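Visitor: I am new to this structure. Could you show it to me and then take some questions?

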Amino acid sequence: MKFEISPKDLFEYSDKNETYILIDMRSPIEFKDFNILGAINFPILNNEERKIVGTLFDNGEIDRAKSLSVKYAAAKLSTFFDDILELIKNYDHVVLYCARGGYRSTVFFQFLRSLGIPVKKLIGGYKSYRKYIRENLERLVYTKNFVVLHGKTGVGKTEILNRLKNSGLSILNLEELANHRGSSFGSLGLNPQPSQKQFESLLYNSLLKTSDLIFLEGESSRIGNILLPKYLLDKMYKGTNIVIEDTIENRVARIKRDYVNGTKEEINSALYNLSKYISEDRINSYKSHVENNDLEFVIKDLILNYYDNHYAINYSKDDLHLNNDELILENLQNFIQTL
């Protein structure tokens, strides 16, 4: 049995239905910024300790930095050891990693291995995992065929994706992965978005779980702060287009239900972001209606006088148009039989 593994081994564990847990030995701030999907944080050095040790290394005080690192780590080993023993009972593989597979994960790995604890270490750490994703994500995207749902704001494209998923078809919900619904109001009521690196890891893992034919929503190049890879956009543009239609009444009700989950302050902040495109008088009018809880007016006016006018047409007149009604799922399932 090998105890030093590569990122490829992690995905092979999943293919063989073997369970694993990843232990990230980096500091909490590094872990929060980006980590391997599903990892938990056992920081050998906390944020302040990492800063102190890093400064010593930068100043050339290598021996002192190592000595202090051992002292900091020793105080945590007992707790980490007990936690590792519990994880060993519940997973086929317990895998340690740090930034580059160096000092932080190696020290704890060697300590546990010397005691006969069958942990593993990810060679190259997070950097090697990130390199693996970069090298394989584009290839994976090109193995898929996309059916792209287009349609104006509020017609229910995400709602349809979820119904398709529940019916057993493969979907790719890019807005869910990016934790943003698109548009200036897309972050209302949501937690912060993942980092770009984290998004690409989520994208890769999601694609691994899909069939060759995938439904997804047409997107611009950016979802909030997340940039979609160019090769993904190219593949989407070459996909099969379906245009979703719905009434203005349904669109307003859907947007109010799905988007307006934030506070009045958050809504007004989102309106402020539109001030470069919409006159000050209209923005003030919207804020007044928000204050009076008349959100339907704001939503409808924005749809008809802003979003519909700026809707980018990414399909031809020959593409299939479907109403979002009680027959939408049946019509989509019938359509894919023709592909």
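Predicted model: local features only at pLDDT ≥ 70, side-chain atom pairs only at ≥ 80, totals over all residues.

Visitor: Where does S128 lie?
Guide: S128 lies in helix α6, residues 125–142 (helices are DSSP runs of H or I, at least four residues, numbered from the N terminus).

Visitor: Is S128 buried or exposed?
Guide: S128 is buried, at 18% relative accessible area (buried is under 20%, exposed over 50%, partly exposed in between, with a 1.4 Å probe and protein chains only).

Visitor: What does the S128 side chain have by it?
Guide: A polar atom of that side chain lies 2.8 Å from the backbone oxygen of G125.

Visitor: Now salt bridges: how many are there?
Guide: The count is 18, a salt bridge being a side-chain nitrogen of Lys or Arg within 4 Å of a carboxyl oxygen of Asp or Glu.

Visitor: Which residue pairs with E159?
Guide: E159 forms a salt bridge with R254, with the closest N and O atoms 3.0 Å apart. The pair links distant parts of the chain, 95 residues apart: E159 is in helix α7 and R254 in helix α11. E159 is partly exposed at 24% relative accessibility, whereas R254 is buried at 10%.

Visitor: Which residues join them in a network?
Guide: Salt bridges with shared partners join E159, D246, R254 and R257 into one network.

Notes
Residues numbered from 1 in each chain as written. Heavy atoms only, no water. Helix = DSSP H or I, 4+ residues; strand = E, 2+ residues; numbered from the N terminus. Polar contact = N/O pair within 3.5 Å; in protein donor to acceptor, adjacent residues only side chain to side chain.
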